[in-house]
Amino acid sequence: MGLNAGWDSNSRLGRRFFYLSLAAAAIFLLLLMRLWYLQVISHERYSELSEKNRIRYIPITAERGPIYDRNGVLLVDNRPAFGIAALRQDVDDPDLLLDRLSRMLPVERDALQQRWDAGKRLPPYRPILLAADVDRGVMDQIQEHALDLPGVLIDVRPIRSYADGESAAHLFGYLGEITEAELENLESRGYKPGDFVGKSGLEKKLEEQLQGTDGERLLEVDVRGKELRMLKTREPVPGDKVYLTLQRDLQLATEKAFGDQAGAAVVLDVHSGEVLAMVNRPSFDPALFARGISGKEWIELLQNPRHPLQNKAISGQYPPGSTFKIVTALAALQSDSASRWTSVDCTGSITIGNREFRCWKKRGHGKTELKKALRESCDVWFYQAALETGIDKISQMAFDLGLGNKLDFNLNGEKSGLIPTREWKRSVYRDRWYDGETVIAAIGQGYVLTTPLQLAVMTAAVANGGEVLRPRVLRRIESITGEVLFEGEKDLLRKVEIDPENLAAVQQGLEAVVNEPHGTGMATKLKGIKVAGKTGTAQVIRRKSAEEEEAETGKEKTPYRFRDHALFVAYAPADDPKIAVAVVVEHGRHGSSAAAPIARAVFESYFAIEPTKKLDNPGFLGD
Amino acid sequence: MFDRRLFTHFDWVLISLVVLLALVGVTNLYSATSSWGGLLTPIYLKQIYWFGLGLLIALGVCIVDYRHLEYFGIIFYLVNIALLIGVLVIGKTIMGATRWIDFGFINLQPSEVLKIVIIITFARYFSRILPARGFNLLGLGVPFLIVGLPVLLILKQPDLGTAMLIFLIGGTMALFAGIRRQTLVCLGCLGGLVAWGGWYKLHDYQRERILTFLNPERDPLGSGYHIIQSKIAVGSGGFFGKGFMAGTQSQLSFLPERHTDFAFSVFAEEWGFSGSLLLLAGYLLLLFWGIYIARRAADRFGMFLALGVTAMLFWHIVVNLGMVIGLLPVVGVPLPLFSYGGTSMVTTMIGVGLLLNVSMRRFVF
């Protein structure tokens with residue numbers, strides 16, 4: 001080594017130099033271990049964090065699948081909704097901007113301020129939405145004044161649009177912003193807060209098919225969030241196309257026929273069980289939900305006494321009234337308790353035990369056999385037949401024809417109705433069954449409850465010779481590329497074994513209702529097409545007969561909620577049935593006057609018959 | 001004045017290492033600041049000017065025999081104290097700290113100069129006084145006063161980082177001079193007590209830095225932001241790095257202070273573990289060479305001088321890297337030859353000049 005005066009021979013110093021070097025090396029090794037930990041062991045985690053820093057995902061909302069009628073007519077689609085947003089970084093004077101916007105937008109100044117303040121919590125360079133779904137005129141105005149509105153952007157996203165407004169709204173259902181509970185279930189399928197999902201009807205049932213897959217844009221941003229370049233775009237995939245069995249013009253005609261009346265109607269193809277029309281009145285405008293319903297509008301819908309949100313066709317449970325006499329007649333004939341020639345002398349009432357059961361016609365129908373009993377809806381004939389037949393066989397026939405149980409329809413919310421039996425009575429009322437209850441049930445009153453859908457299925461079964469078909473509204477589901485994902489098929493629930501002669505006897509009675517003098521359904525009589533049907537009047541609450549009530553209070557003075565429900569079931573053509581209809585008009589009083597004309601409109605539309613002028617005399621008022 | 005040893009014994013190894021590291025540093029700054037644009041002189045170019053000036057200073061320092069410094073040491077020390085007092089009286093305040101004196105042509109930071117002055121002063125002290133069994137508590141009293149007075153003035157500015165570094169440099173030199181074992185234990189206890197008491201004397205932002213160091217997630221957008229972003233930059237570099245000019249953390253400005261204190265994060269992001277390993281090897285080589293120069297210095301003063309400069313470099317490197325990779329709190333210490341900054345460059349290059357000086361005068365003749 002060097003000639004440095006010999007002092008470095010000091011071994012103590014030499015050792016110190018050694019330790020010093022060792023300490024330095026050790027500390028460097030520590031630094032390297034830390035670097036190894038960060039750069040090699042934890043590399044993946046930090047890589048992810050660095051990507052998160054630099055890449056911004058901008059979701060592109062997929063269009064929901066469109067809904068078509070059976071002929072491919074577009075019923076539900078999407079339209080672009082224009083929102084007004086502002087980019088905070090480009091706004092020099094927020095107060096001035098909000099003042100100007102409040103004069104152009106249908107939004108209060110305070111509301112704008114609120115949204116602006118809330119938007120300050122967003123990351124920089126994220127537009128703040130100030131007004132959603134503004135109309136064209138406002139848009140044009142905003143664009144015209146673009147120079148005075150620095151930082152204002154227009155945000156476009158697809159929202160649901162409905163070709164026919166309120167039409168078939170209950171079938172389609174409505175959309176709403178996803179709730180926290182729903183998000184928990186659906187998050188794994190790519191849903192995010194703020195997404196809209198189906199809340200009812202087909203929108204809910206077919207959420208998975210209709211939703212589509214959102215796309216995204218990947219942008220590279222710098223630390224201030226400024227967008228530098230587009231890295232990747234994944235286009236959204238629209239939802240599947242849904243074809244319904246619905247027939248748009250029939251649906252519209254049926255709805256129109258209701259006028260202001262509340263109620264429901266179902267039209268079925270008797271050979272396939274396909275729903276051609278499903279009407280609920282009053283209806284609601286699903287577009288309100290698509291753009292986000294306000295609290296006030298929602299409360300109004302909920303508090304409306306006529307229940308516009310309820311799908312009455314599947315969840316409204318009504319006493320079937322005299323339309324149930326079809327069931328009683330078939331049960332009596334099949335059990336040989338009565339024949340088509342069995343004659344009963346109707347004096348206006350019958351006494352069972354010590355209780356008197358009245359016919360709707362006080363004076364009585366006189367000598368009555370099956371055809372006349374159906375035609376003029378004679379209660380006494382059916383009281384007598386029911387006593388002979390017994391409740392067990394009547395209930396069984398009702399169940400067989402599709403009443404009293406859910407029909408496994410394509411929508412949620414279907415109700416089962418109620419067909420009473422001895423066991424049911426025992427388990428619910430802890431009491432035995434009385435004959436008086438049998439006769440009340442025979443005319444569709446008392447405990448009996450049915451939905452309009454069930455009545456339509458029953459009518460179709462009578463028309464097609466006993467086939468009870470599952471009603472369905474889905475015809476086909478196709479992916480956007482045209483691949484068929486689902487094809488609806490005829491679904492026979494059961495074939496009811498009915499002696500053809502017995503069935504013919506009842507069918508002839510139903511034809512007489514519409515086509516013969518004194519028939520209660522003459523309001524439905526058509527030129528060229530023979531219709532068969534049955535009217536019904538369902539008492540809303542137990543009280544004196546409707547006629548007596550009206551005699552006492554005056555016809556128009558009966559409070560709306562106490563008025564009877566009007567029913568009518570029918571099929572046509574009688575000799576070669578194609579469609580079956582069930583109509584319930586809530587508080588419509590008489591099936592013959594309120595419900596039958598609606599069925600008439602259905603047939604006129606379906607068979608393309610020139611509508612005849614409204615009859616001055618709706619025929620015989622009867623139930 | 002000029003002596004032949006300037007040419008025959010010149011330490012080419014040391015100067016090559018220094019130039020190499022500085023060039024890597026400049027290249028890294030080029031990448032770190034490439035997104036800046038603007039009309040000002042680019043940072044990397046300015047750093048080249050500073051390095052050129054630094055080289056001239058280093059050469060200037062090594063021309064004069066270091067042994068003359070021994071006699072000037074006390075004068076340097078007193079002048080430095082005066083300057084530190086001057087800072088407190090007429091200093092320039094930048095970002096809440098008063099560290100600079102504006103001399104018109106140059107902004108002087110006396111606390112930086114003190115690093116060198118303390119090295120010279122201590123080298124003189126420890127080369128003269130050499131207790132046989134090492135220093136005891138009493139013997140350390142004088143060195144403690146030498147370093148304590150200016151450190152107190154620096155803490156007043158306040159500049160915790162520099163104060164700490166000066167303490168570490170002085171401490172390393174004293175330790176090498178030899179301290180008795182029981183004295184060390186005693187000092188350890190004392191240090192603990194001072195740290196405990198000192199916590200309450202710290203400024204809020206200093207306390208905040210320490211708390212955030214212990215748990216950066218405490219304030220991810222505030223004071224924890226630096227360290228979190230730095231760790232992301234370093235970690236996302238992986239083994240081979242993202243490539244020169246391709247570090248997203250630095251190029252997209254997520255990394256703060258990336259041309260000064262966090263310059264190494266940029267390097268680690270773009271060159272990965274492999275690059276960091278080579279860079280650290282380069283620095284370790286520089287340190288070993290410094291120790292080697294001390295080892296074969298011609299006299300004890302030269303040895304302590306070289307040792308002090310090496311200690312200065314070592315602590316700067318360790319504290320900066322430790323901070324950048326989340327091992328130490330953020331204390332604003334630059335990485336020598338790598339971080340942008342004129343003051344740091346000049347101080348470092350004066351140190352390098354001293355090393356060259358000692359190195360080439362290792363022979364008696």
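S377(A) counts as buried because 31 C-beta neighbours lie inside 10 Å of it, where buried means that 20 or more other C-beta atoms lie within 10 Å of a residue's own, exposed means 12 or fewer, and partly exposed is in between, with C-beta atoms placed from the backbone. The phi of S377(A) is near 55°, a positive value in a residue other than glycine, and S377(A) is found in the loop between α15 (370-375) and α16 (379-389) of chain A; here helices (H or I, at least four residues) and strands (E, at least two) are DSSP runs, numbered from the N terminus.

This is a predicted model, in which local features need pLDDT of at least 70 and side-chain atom pairs count only at pLDDT 80 or more, while totals for chains, interfaces and linings use all residues. Residues are numbered from 1 along each chain as its sequence is written, and chains are lettered from A and ligands numbered from 1 in the order in which they are written.

Most residues other than glycine have a negative phi, and most peptide bonds are trans. H587(A), which is not a glycine, has a positive phi of about 55° and is placed in the loop between β23 and α23 (591-606) of chain A; because 20 C-beta neighbours lie inside 10 Å, H587(A) counts as buried. A cis peptide bond joins A572(A) and P573(A), with omega about -15°, and P573(A) lies in the loop that runs between β22 (565-572) and β23 (579-585) of chain A. The peptide bond from R281(A) to P282(A) is also cis, with omega near -10°, and P282(A) belongs to the loop between β12 (275-281) and α11 (286-290) of chain A.

Of the 8 residues of strand β9 (residues 227-234) of chain A, the number buried is 0, so β9(A) lies largely in the open. Strand β9(A) belongs to an open sheet of 3 strands in the order β1-β8-β9 (chain A), with antiparallel pairing, where two strands pair if DSSP finds at least two bridges between them. The edge strands of this sheet are β1 (55-60) and β9 of chain A, each pairing on one side only. Strand β8 (residues 215-221) of chain A pairs with β9(A) over 6 bridges, and the bridge partner of V221(A) in β9(A) is E227(A).

Finally, the two chains meet: 34 residues of chain A are in contact with 39 residues of chain B, contact meaning that the C-beta atoms of two residues, placed from the backbone, lie within 7 Å. The largest share of the side of chain A that touches chain B, 16 residues, comes from α1(A). Chain B itself has 14 helices and 3 strands, and buried residues make up 49% of its 365 residues.
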